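Subject: Handing over the two-chain model

Dear colleague,

Here is the structure I promised to pass on to you, with the sequence alongside. Please open it first and keep it beside you while you read the notes below.

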Amino acid sequence: MAEAVLTVDQLRVAFSGRSIVHGVTFELQPGRVLGIIGESGSGKSATCLSMLGLLQRATVEGSVQLAGQELIGLNAAQLRQIRGRKIGMIFQNPASFFNPIATIEQQFTETLRSHQSLTQTDAQSSALHHLSTVGLSEPERVLRQYPFQLSGGMLQRVMIAIALSLKPQVLIADEPTTALDVITQMQILRLIQQLQQQTNCAVLLVTHDLGVIAQMADDVVVMWNGELVEQTSVNQLFDQPQHAYTRSLLAARLTPRLGEKR
Amino acid sequence: MIIQRLLNHKLAWLGLSLIAIVLLISLFAPLIAPHDPLAVDLMKKLQPSSTTFPLGTDHLGRCILSRLMYGGQVSLSIALIVVMFTTLISLCVGLVAGYFGGRLDHGLMRLCDVFLAFPSLILSLAIVGTLGSSIGNLIFALVATHWAGYARIVRSRVLSVKESHFVQAAIVSGTRSLPIMLRHILPYTLIELTVLATLDISHIVLHIAGLSFLGLGIQPPTPEWGAMINDGREYFRRQPELMLYPGLMLFLTTLAFNLVGDVLRDVLDPRMEKQMRVKTLKTKLENG
């Protein structure tokens, strides 16, 4: 197996003495998709956010190594270098993640220029290029528009374009499709998959949607109550779930069975 | 949009037109004032209103109407300068404190507490008293007594905007702090600041008048409403108008800015907008 790009070792997160994540350990291989599933409050998002030092009032212990570099305990300036450039992130509900009073161009170029020394014109053409890779038909128009003028699916594409424009080694996707309708959801997942293969970045996919996991993930970790209860390949997960919680999670799936109403 | 909604209020009209009148009179005082406000003529002192002196003369025989017209110039321009500086300083302090948090925030807020702990008139008296009374010191004293309250309001606003998803997203993508503060946070603090500044102009005008009344603000012979009230004090029994007219001007100016500030607050409050929309929808439904 190749050298892991992201190694999480005994990660613990606590808010004022109350432990939220108790000792999570997993590895992410380059070019692979690792799904993290679990119910709400199981510590999925806390795990991801703590890696980037985004939980301000939390105490984080353990180790998170990105290609050999320890992330826990970095200062603000060092963290800023990691955020965006080394680890990109996309979120659910893209509409709220854009500032309604700034154009897409302003928000895109500001990210680019925070990490690269670019002139505004260069940043603009770079943004245009990246927007065209995420399947937006009129990138010039999108650049000039405000977030509320775009649909949720389009905004999610823009968010993906911004996240991948800095060529991060790891992309954290925190429920990227939860707020979208099923068709857009599928398009976005395909897009992430396609771009992931092109850029060979590793993806950490946080979701509670087993369908998304089945389609996207290579490996899966199951979290429950702040603990990692099962770590397996995606086929194993569906064929032979080991932990009782995983089995109950699988059983809670909604499956369409016609003519069989309880 | 905002201006249109502002103009829908009758009170805003009243306030705005009063402000406009006061501003225009002050601005064009040199053109419309009947006399030189500084021309002393002891032979004509304490005259009642006449055709040459529409509002009479003061104890040095100066034309009161002309002095009233010129009086606004100093007060209003100082008030505007003070508001500008307080806004600037409080924006810097509030943004930095709210955004970076931690010890920096703690330190800056304790500094604010120190300034807020003194009654503002006493603090400005102390500052002007020790530094000497000049216009520069007056501005300094007023800014020193006003910035802390503004800074706290900016900071509290920054704290809530900082939690919004788009600021978090900008932080996650490693955007530098300065663009985050300027583009994603600053615009959202401006509404509160605008309302506060408008309401506060009247406060500052009164503050300047108060200091001048005590002889620490604008120095004679420069015409100023507060100082004019002080001048008229000795002749209160014989000629109460000497105090009445400048007091009236202060009253109208203060009222005007308060009215506009109040309406502005209502208009800029997004909750009000929703109520308005519901109201118009209701009337539309009722009318079919």
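A crossing of two helices is called left-handed if the near helix is turned anticlockwise from the far one by less than a right angle, and right-handed if clockwise. Please keep in mind throughout that this is a predicted model.

**Two helices of chain B**

With that term in hand, you can look at H10(B), which passes H11(B) in a left-handed crossing. The contact is made, on the side of H10(B), by Trp225(B), Met228(B), Ile229(B), Asp231(B), Gly232(B) and Arg233(B), and on the side of H11(B) by Leu242(B), Met243(B), Pro246(B), Gly247(B), Met249(B) and Leu250(B). Sorted by class, these residues are eight nonpolar, two polar and two charged. Helix H10 of chain B covers residues 225-233 and helix H11 of chain B covers residues 241-268, and the two pack at an angle of about 160°, with their axes 8 Å apart. Because of that angle, H10(B) is roughly antiparallel to H11(B), given that angles over 145 degrees count as roughly antiparallel.

**Chain B as a whole**

Chain B has twelve helices and zero strands, and its C-alpha trace spans about 75 × 60 × 30 Å along the principal axes. Of the 288 residues in chain B, 39% count as buried. If you consider the contacts in chain B between residues at least 6 apart in sequence, 68% of them join residues at least 24 apart. One detail of the backbone deserves a look, namely the peptide bond from Pro220(B) to Pro221(B), which is cis, with omega near 10°. Pro221(B) lies in the loop between H9 and H10 of chain B.

**Where the chains touch**

The contact between the chains takes 13 residues from chain B and 21 residues from chain A. On the side of chain B, the elements that give two or more residues are helix H8 (165-172) and helix H9 (177-213), and H8(B) gives the most, with five residues. By class, the residues on this side of chain B divide into six nonpolar, five polar and two charged.

**The six-stranded sheet of chain A**

Turning to chain A, you will find six strands that form an open sheet in the order S6-S7-S8-S3-S9-S10, with mixed pairing. Strand S6 (87-90) and strand S10 (227-233) of chain A stand at the edges with a single partner strand each, so one side of each has no neighbour in the sheet. Neighbouring strands of this sheet are turned by 20° against each other on average, direction ignored. Helix H10 (residues 244-251) of chain A packs on the sheet, where this helix touches S3, strand S9 (219-224) and S10 of chain A, and its direction makes about 100° with that of S9(A).

Strand S3 (residues 33-37) of chain A runs parallel to strand S8 (residues 202-207) of chain A, and five bridges join them; Gly35(A) stands opposite Leu205(A), and Ile36(A) stands opposite Val206(A). S3(A) also pairs with S9(A) in the parallel sense, over four bridges, with Ile37(A) opposite Val222(A). Are the residues of S3(A) buried or exposed? Five of the five residues of S3(A) are buried. Val33(A), Gly35(A) and Ile37(A) point one way from the strand, while Leu34(A) and Ile36(A) point the other way.

**The four-stranded sheet of chain A**

Four strands of chain A form an open sheet in the order S2-S1-S4-S5, with antiparallel pairing. At its edges stand strand S2 (18-28) and strand S5 (69-70) of chain A, each with a single partner strand, so one side of each is left without a neighbour in the sheet. Strand S4 (residues 58-66) of chain A is joined to S5(A) by two bridges, and Gln65(A) stands opposite Glu70(A).

**Two positive phi values**

Gln10(A), in strand S1 (residues 6-15) of chain A, has a positive phi of about 50° although it is not a glycine. Gln10(A) counts as exposed because it has 11 C-beta neighbours inside 10 Å. Asn93(A), in the loop between S6 and helix H3 (104-115) of chain A, also is not a glycine, and has a positive phi near 50°. Asn93(A) is partly exposed, with 15 other C-beta atoms within 10 Å.

With best wishes

Conventions
Residues numbered from 1 in each chain as written. Chains lettered and ligands numbered in written order. Predicted model: local features only at pLDDT ≥ 70, side-chain atom pairs only at ≥ 80, totals over all residues. Axes fitted to C-alpha atoms, helices over the stretch in contact; angles between N-to-C directions. Parallel < 35°, antiparallel > 145°, perpendicular 65-115°, else oblique. Contact = placed C-beta atoms within 7 Å. Nonpolar A, V, L, I, M, F, W, Y, C, P; charged D, E, K, R; others polar. Pairing = 2+ DSSP bridges. Buried ≥ 20, exposed ≤ 12 C-beta atoms within 10 Å, placed from the backbone.
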